[in-house]
Amino acid sequence: MYTILSINRNLSLPIPSVTESPNTSFQFWVLSMTAFKSSVSLSAINGGHAKAGEVHVIIGPMFAGKTTDLLRRIQSESSSGRNVAMIKSSKDTRYAKDSVVTHDGLKFPCWALPDLASFQHKLGDDEYQKLDVIGIDEAQFFEDLYDFCCKAADHDGKTIIVAGLDGDYLRRSFGPVLDVIPLADTVTKLTARCELCGKRAFFTWRKTSETRTELIGGSDVYMPVCRQHYVSGEAVIESTRTVLESCKVPNDSQTEVSAAM
Ligand SMILES: Nc1ncnc2c1ncn2[C@@H]1O[C@H](COP(=O)(O)OP(=O)(O)O)[C@@H](O)[C@H]1O
Ligand SMILES: Cc1cn([C@H]2C[C@H](O)[C@@H](COP(=O)(O)O)O2)c(=O)[nH]c1=O
Ligand SMILES: [Zn+2]
């Protein structure tokens, strides 16, 4: 039998009035949680920061408006008087070196970095401490995204807003973006318009035959498509491959042909 005297925000603890010997597993759990709570204060959890951090993730195919949404949120935070910074992957060289740029041409100055771990050092500790909000674009290219979000949100009290592709051109998980979903306060999946039918596009189609996962490019290389046109596109590629295979001259007959020439 337990009497919960009071649970309030200063972690005051339930005072168990044990009417039986505390050897049942539930009673042991309550007592061990009581001991845990009394030894850990909130400030120790997030490194002494009064404000707990946040992680917000924006995903979707290319041209879905991920960067546009990221810029909107960052500008809103800045207008509210919060100190913001923007980071993008230095792999993104499409529109500008030191700015995040949307496909519509909207720009915002940023740090273009090869990794996130170097950000605090490059910014400087004093400036980093002053930061309230950090935006991250092209997050699929940052291998250290998970660890950065953990430290920045859990221990440094920062609000992190992440924008990146959830899937690559094969609709496979792209880089570390999906790994941070369990860390997130919110997850927003955006859609584009299918270039072939105008319906909602959830996927990105690569127009070229390159097969490497990382291939920087815009509408020259990629287009957003709906499920129907992604699948039919795959069907077209497969049937084209079959036709080309059937037109190929077999190797042994190639030898006969070249010998006859
Ligand atoms: N097929 C498309 N569907 C939706 N938006 C498109 C398409 N093609 C070009 N755009 C433009 O791309 C803009 C989104 O750009 P951006 O925010 O950079 O997208 P993302 O970061 O998701 O690639 C849209 O506002 C729109 O003007
Ligand atoms: C699908 C896909 C995309 N990329 C690259 C192409 C672009 O440079 C970025 C995505 O830019 P956006 O801001 O989302 O428009 O990623 C790639 O390297 N591999 C892919 O499979
Ligand atoms: Zn379509």
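Guide: Before we start on this predicted model, a polar contact here is a pair of N or O atoms within 3.5 Å.

Visitor: OK, with that in mind, which atom of His103 lies by an oxygen atom of ligand 1, and at what distance?

Guide: A backbone N or O atom of His103 is the one, and it lies 2.9 Å from an oxygen atom of ligand 1, inside the 3.5 Å cut-off.

Visitor: How much of ligand 1 does the protein bury?

Guide: Taken alone, ligand 1 exposes 580 Å², and the protein buries 80% of that area.

Visitor: How many residues surround ligand 1, and which are the closest?

Guide: There are 15 residues around ligand 1, and the closest are Lys66, Thr67, Thr68, Asp104 and Glu195. Sorted by class, that shell holds six nonpolar, five polar and four charged residues.

Visitor: Which element gives the most to the shell around ligand 1?

Guide: That is α3, with three residues. The helix covers 66-79, and both α3 and β9 (192-193) supply at least two residues of the shell.

Visitor: Switching to ligand 2, what does the side chain of His103 do there?

Guide: An N or O atom in the side chain of His103 is 2.7 Å from an oxygen atom of ligand 2, whereas towards ligand 1 the contact of His103 comes from a backbone atom.

Visitor: Which backbone atoms lie by ligand 2, then?

Guide: Thr213 places a backbone N or O atom 2.6 Å from a nitrogen atom of ligand 2, and a polar backbone atom of Leu215 is 2.8 Å from an oxygen atom of ligand 2. On its own, ligand 2 exposes 490 Å², of which the protein buries 98%.

Visitor: How many residues surround ligand 2?

Guide: Ligand 2 is surrounded by 19 residues, the closest being His103, Glu138, Tyr169, Thr213 and Leu215. By class, its shell has eight nonpolar, five polar and six charged residues.

Visitor: What volume does the largest pocket have?

Guide: Its volume is about 440 Å³, and of the 33 residues that line it, the closest to its centre are Met62, Lys66, Arg94, His103 and Glu138. The lining divides into 13 nonpolar, eleven polar and nine charged residues. Among the elements, α3 gives the most to this lining, with three residues, while α3 and β11 (203-206) each supply at least two.

Visitor: What about the second largest pocket, how much space lies in it?

Guide: About 370 Å³ of space lies in the second largest pocket. Of its 14 lining residues, the closest to the centre are Tyr169, Leu170, Trp205, Ile237 and Arg241. Two or more residues of this lining come from each of β11 and α7 (227-247).

Visitor: Which element has the largest share of that lining, and how does the lining split by class?

Guide: The largest share, five residues, comes from α7, and the lining of the second largest pocket has five nonpolar, three polar and six charged residues.

Notes
Residues are numbered from 1 along each chain as its sequence is written. Chains are lettered from A and ligands numbered from 1 in the order in which they are written. This is a predicted model: local features need pLDDT of at least 70, side-chain atom pairs count only at pLDDT 80 or more; totals for chains, interfaces and linings use all residues. Side-chain values use heavy atoms; hydrogens and water are left out. A residue is near a molecule or strand if one of its heavy atoms lies within 4 Å of it. A polar contact is a pair of N or O atoms within 3.5 Å; within protein, one must be able to donate a hydrogen and the other to accept it, and residues adjacent in sequence count only if both atoms are side-chain atoms. Accessible areas come from the Shrake-Rupley method with a 1.4 Å probe; for residues, only the protein chains shown count as cover. Helices (H or I, at least four residues) and strands (E, at least two) are DSSP runs, numbered from the N terminus. Ala, Val, Leu, Ile, Met, Phe, Trp, Tyr, Cys and Pro count as nonpolar, Asp, Glu, Lys and Arg as charged, and the others, Gly among them, as polar. On a 1 Å grid over the protein atoms alone, a cavity is a set of points where a 1.4 Å probe fits but cannot get out, and a pocket is an open set with protein on both sides within 12 Å along at least five of seven lines; lining residues have an atom within 4 Å of a point. Grid points are joined across faces, edges and corners, and a volume is the space filled by probe spheres set on the points.
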